[in-house]
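Hello,

Here is the structure I promised to hand over. My notes follow below it.

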Amino acid sequence: MTADEARNVIIQAMREVAPEVDLGSVPPEADLREELDIDSMDFLNFIVGLHEKTGIDVPEEDYEHFATLQGAIDYVVRRSGAAA
Amino acid sequence: MADFVMPSLGADMEEGTVIRWLVKPGDEVRRGQIVAEVETEKADMEIEIFQDGVIDELIANEGDTVPVGGLLARVQAAGEARAVPEQEPPAEAPTAAEEATPEEAPQPADEGEPAAAKAETPGDGATPTEREPAPKPAVEATPAPPAKPQEAAERRRVTPSARKLAAELGVDPDTVRGTGVDGAVRRADIEQAATRGPAVAAPTEGRARVSPYARKKASELGVDLGQVTGSGPGGAITADDVQRAAAVPGAKAKPGPAPADKPAEPQEPPAEPETDRAAARTAARQRVIANLMERSKREIPHYYLGHTVDLSRAMQWLQEENQQRPVPERLLYSVLLMKAVAAAVPSVPEVNGNYEDGAFQPWTTVNLGVAVSLRDGGLVTPAVQDAGNKSLEELMRDLRDLVQRARTGKLRAAEMSNATITVTNLGDQGVESVQGVIYPPQVAIVGFGKVIERPWAEQGMVGVRPTITATLAADHRVSNGHRGGLFLAAIDRLLQEPTKL
């Protein structure tokens, strides 16, 4: 999966959780939880959505990679096994 | 043939707009079935029908604004024809079992011993199972079938204190469905009616949603959100939309990507910009909450306790458990906290119930109110029914469902009406300790802060452990600090044995 593909799938998964959020306008290094005002339940639902779309099972110890959009993109690219 | 009319869905409601019909002529409907979505000044809400029958005719069209009591539809009643209008507001949704989503069905009645009792030794020898509420609350774990409207109307009684409170809060008690004995309207019902607005305030169709980031950007750029056309899902306004609107020369009060069919009336501002409407709704809801909290602080002699809990065992167990679970079935630690609270109630039953008319009414069932923040800043506290008798999986399912519906305007009045104790968890916001304000007529609220690693000494050894501060705000008319301390200690003890939760 390329970085663009990862970004798109992350945005899709997040929109399902919080339809009004706009990841496209969030700086890549901004704190996602703070910018998007999401809580633990939103985050878990996002991880579930991501899993459904990509098959990637994000273990809890890897949640920290999703602190920023860029971190999430990097993680999904890496876990999908393709070069960015 | 019976009339199905616009119900009163709470304080100050004079009219409602039919957003969407969920049934059509010829459809068979059952009592308790959600048949339409209605928008009021303060809330979007689903409305139920209170009889079995067949929809004969939809009188109101989608988009029509109908006064309370106004005709919405005609229903061919099952069996004998009824002429009594359906005027009962859906104060509870006990027949939700008839709906499509099984999760939304109220849990079956179970007055039996709470599962949690196994871990507790009642401090005063009086377990909830030995007690019965003096006036048995009508909305116990068994959601009593809603009284037939005409029956309820005949026997509706309003307690003196409820009537007084109704006057204070501007609620017409005659439009409130009573949950007391024989349908009596109690203070709790009035409060519920007054707070129902925020419960369902999340915007839905017809009203653009705005992300916090987009709202912030609009504020920075001076863009009127009411003039922005949303391009997000369901017309949600995104930051990009705001940016586009701001980029249009001299058009900060105009739509960004202007739809072709919109008339060009540049100098004609809308009668009521979206931002103003949203602000008014937010202010109205906050006023209702403020009134309730003011009354709480005025009438309830709060006392506050704090207790730091070592969460290492619970978190370790949860981590191992979640590793074995498919992603969709993972548990949040907050569910363990909820379960621990519900399970601790039997040891100190005086934290669970209502204080009304000068007396405490303990409940045997734990309907756990859960504070849920809405994206627009609102706050609702729907209740997980009979939490003490639910497994962690069931609590997780219920919590997920409640949060999702709270944020999409799909809560039912029943879920807002019968909490017996509330839990609020502000850990996600980085809060370390919560000093809660009790929701009248409840008598206790438990707060949890953030899970924080702290140095922890045990048996002469110091280590770093995940900890959480549990707090209790309780009503001194009902319990005292000693008993409150036992309650928090019971929560702690339960969290040390997560496998038993």
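**Interface between chain A and chain B**

Across the interface of chain A and chain B, eight residue pairs are in polar contact, both residues at pLDDT 80 or more. A polar contact is a pair of N or O atoms within 3.5 Å; within protein, one must be able to donate a hydrogen and the other to accept it, and residues adjacent in sequence count only if both atoms are side-chain atoms.

This is a predicted model: local features need pLDDT of at least 70, side-chain atom pairs count only at pLDDT 80 or more, and totals for chains, interfaces and linings use all residues. Residues are numbered from 1 along each chain as its sequence is written, chains are lettered from A and ligands numbered from 1 in the order in which they are written, and side-chain values use heavy atoms, with hydrogens and water left out.

Four salt bridges are counted between chain A and chain B (a side-chain nitrogen of Lys or Arg within 4 Å of a carboxyl oxygen of Asp or Glu). One of them pairs A:Asp57 with B:Arg330, the closest N and O atoms being 2.7 Å apart.

The contact (heavy atoms within 4.5 Å) takes 30 residues from chain A and 28 residues from chain B. The two chains bury about 2,500 Å² between them, 53% of it on carbon and sulfur atoms. Buried area here is the accessible area (1.4 Å probe) that two parts lose on being put together, summed over both. In chain A, the most area is lost to chain B by A:Glu20, A:Met41 and A:Glu60, together 27% of what that side buries.

Regards
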